[in-house]
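Me: I want to go through this structure by question and answer. Keep it brisk.

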Amino acid sequence: MNTLKRLLDHRAFLEPMLQDGWGSGLTAKSFASLIESVLESLFANLDLKSKGYKRSALATIFLLNNYHFVLKQCRQLGLGALAGTAVEEKYEKAIVRQKELYRESWQSCFDCLLDTTHVQTGGVKALTKPQRETIKEKFKNFNAEFDANYTYQTACTIPDAEVRSGVLADLKAVLLPLYARFQEKYRQVEFSKNPSKYIKYDRVTLEAALDMFFLGAVA
């Protein structure tokens, strides 16, 4: 973005030179097309850098942060009016897509909470041994997945409060009801002699843990 700011500072000098065809190495024929080209290159650079993350959720947060920052700067500098709205629209769509990808990165956690055990009036019917083992595995796998996400995602940041709030709200809207139903269903069912070994969270403590995400805390 510093490059763009410097270009804007020297617009009066650069614009006539581009129109006159100065700079054989430049494909841009106008100042507007030069700005568009820089923004396109920035987009490609960010995508390339994101591939250095081993965890897809962290790559998504990296892109979300940077796309939002670029879009915000474009609006503050009036680049949409200068270079056309197509570039801003590209970043807007990319932000929406990264939010979708972030939710998708939680699918393994969601899957742990999907359950088809038959429920009768008054509670869950007596569980067979395979069913009890399945429930234990579901809680165990959920805890492992969630704790791993907690470790990595409390250590990174989303600086913009509105973006952070939106990302967490979207996640909570799916995860909290799923977990609450699953946890409540088996809270008073004897699937283990030591249920507290498996039921690590309730809805309140799970939401409190989510509220620590993206603050840059030391895990």
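Me: First, what makes a helix crossing left-handed or right-handed?
Reply: Look at how the near helix is turned from the far one, by less than a right angle. Clockwise counts as right-handed. Anticlockwise counts as left-handed.

Me: How does H4 pass H6, left-handed or right-handed?
Reply: The model is predicted. H4 spans residues 56-77 and H6 spans residues 86-104. The crossing of H4 past H6 is left-handed.

Me: Are H4 and H6 roughly parallel or roughly antiparallel?
Reply: Their axes come within 9 Å and cross at roughly 155°. Angles over 145 degrees count as roughly antiparallel. H4 and H6 are therefore roughly antiparallel.

Me: How many nonpolar, polar and charged residues are in the contact of H4 with H6?
Reply: On the H4 side, the contact includes Ala57, Ile61, Leu64, Tyr67 and Leu71. On the H6 side, Tyr91, Ile95, Leu101 and Tyr102 are among them. By class, the contact of H4 with H6 has 13 nonpolar, three polar and four charged residues.

Me: How do H9 and H10 lie, roughly parallel or roughly antiparallel?
Reply: H9 covers residues 161-186 and H10 covers residues 203-210. They pack at about 155°, with axes 10 Å apart. That makes H9 and H10 roughly antiparallel.

Me: Which hand does the crossing of H9 and H10 have?
Reply: Two packed helices are described by the angle between their axes and the distance between the axes. Handedness is a further label, and for H9 and H10 the crossing is right-handed.

Me: What kind of aromatic pair do Tyr186 and Phe191 form?
Reply: The structure holds 18 aromatic pairs. In the pair of Tyr186 and Phe191, the rings sit 6.4 Å centre to centre, with 80° between the planes. Planes over 60 degrees apart meet the cut-off, so the pair is edge-to-face.

Me: Which residues do ring pairs link into a cluster?
Reply: The cluster takes in Tyr102, a residue of H6 that also takes part in the contact with H4. Tyr179, in H9, is a member too.

Me: What is phi of Phe214?
Reply: Most residues other than glycine have a negative phi. Phe214 lies in the segment after H10. At 1% relative accessibility, Phe214 is buried. Its phi is positive, near 65°.

Me: Is Lys138 buried or exposed?
Reply: Lys138 lies in H8, residues 129-153. Beyond neighbours within four places in sequence, Lys138 is in contact with Asp111, Cys112, Leu114, Asp115 and Phe182. With a relative accessible area of 15%, Lys138 is buried.

Me: How many helices and strands does the protein have?
Reply: From the N terminus on, the elements run α-α-α-α-α-α-α-β-β-α-α-α. The secondary structure comes to ten helices and two strands.

Terms used. Residues are numbered from 1 along each chain as its sequence is written. This is a predicted model: local features need pLDDT of at least 70, side-chain atom pairs count only at pLDDT 80 or more; totals for chains, interfaces and linings use all residues. Side-chain values use heavy atoms; hydrogens and water are left out. Axes are lines fitted to C-alpha atoms, for helices over the stretch in contact, and angles run from 0 to 180 degrees between N-to-C directions. Helices (H or I, at least four residues) and strands (E, at least two) are DSSP runs, numbered from the N terminus. Angles under 35 degrees count as roughly parallel, over 145 as roughly antiparallel, 65 to 115 as roughly perpendicular and the rest as oblique. Contact means heavy atoms within 4.5 Å. Rings of Phe, Tyr and Trp (its six-membered ring) pair if their centres lie within 6.5 Å; planes under 30 degrees apart count as stacked, over 60 as edge-to-face and the rest as tilted. Ala, Val, Leu, Ile, Met, Phe, Trp, Tyr, Cys and Pro count as nonpolar, Asp, Glu, Lys and Arg as charged, and the others, Gly among them, as polar. Buried means under 20% relative accessible area, exposed over 50%, partly exposed in between (1.4 Å probe, protein chains only).
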